Amino acid sequence: MNKVYALIGPPASGKTNILQELAHYAIPEMVSHTTRKPRPDEKHGVHYYFVSKDEFQKYELIERVEYSGNLYGLSKTEVLDKVKRCPVSMVATETNGLTQLKKLLANRLESIFIMVDYDTVIARMINRGDDNTLINRRIEYANRTGEFNQWNTANYVVKNTGALAVAVRQVLAIIGKVTLPDKVDLASDGVLTPSEAKSQDKSV
Ligand SMILES: Nc1ncnc2c1ncn2[C@@H]1O[C@H](COP(=O)(O)OP(=O)(O)OP(=O)(O)O)[C@@H](O)[C@H]1O
Ligand SMILES: Nc1nc2c(ncn2[C@@H]2O[C@H](COP(=O)(O)O)[C@@H](O)[C@H]2O)c(=O)[nH]1
């Protein structure tokens, strides 16, 4: 059964960055439509389909939300195409989107909560160039919709307060894309178990 993993969590927890890294492993992301203006490094069709409010109304969306004064939504075509074609696909969404996707995808969908603390969220939003009004709106939304507490209900939790690569590796492990190296034969490597060492009178 083809699976979809939703990355959820507070603003600036790193959902977008993690999805960008996963793209290097050929793990596709469902691209949503938004009326928000692109950030400096964002590309149309990669991070979002950036559209006007009028255009936004024309798409057949399976879910939509107003978030911080902008509209966001996933088109039916985008979701069904990815579910049909891709063994694993990813999506970043806020709370309402997750609820809608669960209704549609049922047990094809699993959620991964990207956990960061409050202070880190604020610092990253300032660093990202978000202004104070936007930061306040996003924090208010996150508090109101329980985005800091979704670890309670998510299928998986990944902490993203250290190196991004660590969080990415954990997500890869959850979605079954990390293969373990071959098991090493410790005896043939000259490493002794404690009982072997004792029998050879070597301290360990
Ligand atoms: N592990 C990390 N260490 C340091 N900075 C990070 C880490 N992960 C992400 N960031 C930075 O935090 C900021 C927010 O990341 P990102 O945009 O991926 O978060 P997001 O969860 O998608 O946010 P939003 O929900 O607000 O769109 C970015 O500037 C990003 O570079
Ligand atoms: N319900 C939906 N939420 C979405 C969608 N695309 C993104 N998002 C979430 O919105 C916020 C804000 O994103 P930003 O890129 O403007 O900072 C974040 O939580 C995203 O995960 C969507 O199609 N539907």
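The report below moves from the whole protein to its sheets and then to its ligands.

## Overall form

This is a predicted model. The protein contains 8 helices and 8 strands. Its radius of gyration is 21 Å, well over the 17 Å that the globule rule gives for 204 residues, so the protein is more spread out than a compact globule. The C-alpha trace spans about 80 × 40 × 30 Å along its principal axes.

One open sheet is built from 4 strands in the order 6-1-7-8, and the pairing is parallel. Strand 6 (88–92) and strand 8 (156–159) stand at the edges; each has a single partner strand, so one side of each is left without a neighbour in the sheet. On average, neighbouring strands of this sheet are turned by 25° against each other, direction ignored.

How many bridges join strand 7 to strand 8? Strand 7, which covers residues 109–115, is joined to strand 8 by 4 bridges, and the two run parallel. Ile 114 stands opposite Val 158 in strand 8. Helix 7, formed by residues 164–174, lies across strand 1 (3–8), strand 6, strand 7 and strand 8. The helix runs at about 160° to strand 8.

In general, strands of a sheet pair through backbone hydrogen bonds, either parallel or antiparallel.

Strand 2, made of residues 33–34, pairs with strand 3 in the parallel sense over 2 bridges. Thr 34 stands opposite Phe 50 in strand 3.

## Surroundings of ligand 1

Ligand 1 is surrounded by 15 residues, of which the closest are Lys 15, Thr 16, Asn 17, Asn 160 and Gly 162. Contacts to ligand 1 involve both backbone and side-chain atoms. A backbone N or O atom of Ser 13 lies 3.2 Å from an oxygen atom of ligand 1. The side chain of Arg 138 places an N or O atom 3.1 Å from an oxygen atom of ligand 1, and an N or O atom in the side chain of Asn 160 is 2.8 Å from a nitrogen atom of ligand 1. Taken alone, ligand 1 exposes 640 Å², and the protein buries 77% of that.

## Surroundings of ligand 2

Which residues are the closest to ligand 2? Among the 16 residues that surround ligand 2, the closest are Arg 36, Tyr 48, Glu 63, Tyr 72 and Arg 138. A polar side-chain atom of Tyr 72 lies 2.4 Å from an oxygen atom of ligand 2. An N or O atom in the side chain of Ser 32 is 2.9 Å from a nitrogen atom of ligand 2.

Arg 138 also has a side-chain N or O atom 2.6 Å from an oxygen atom of ligand 2. Of the 510 Å² that ligand 2 exposes when taken alone, the protein buries 95%.

Key. Residues numbered from 1 in each chain as written. Chains lettered and ligands numbered in written order. Predicted model: local features only at pLDDT ≥ 70, side-chain atom pairs only at ≥ 80, totals over all residues. Heavy atoms only, no water. Pairing = 2+ DSSP bridges. Axes fitted to C-alpha atoms, helices over the stretch in contact; angles between N-to-C directions. Contact = heavy atoms within 4.5 Å. Near = heavy atom within 4 Å. Polar contact = N/O pair within 3.5 Å; in protein donor to acceptor, adjacent residues only side chain to side chain. Areas by Shrake-Rupley, 256 points an atom, 1.4 Å probe, with all protein chains shown as cover. Rg over C-alpha atoms; globule rule 2.2 N^0.38 Å.
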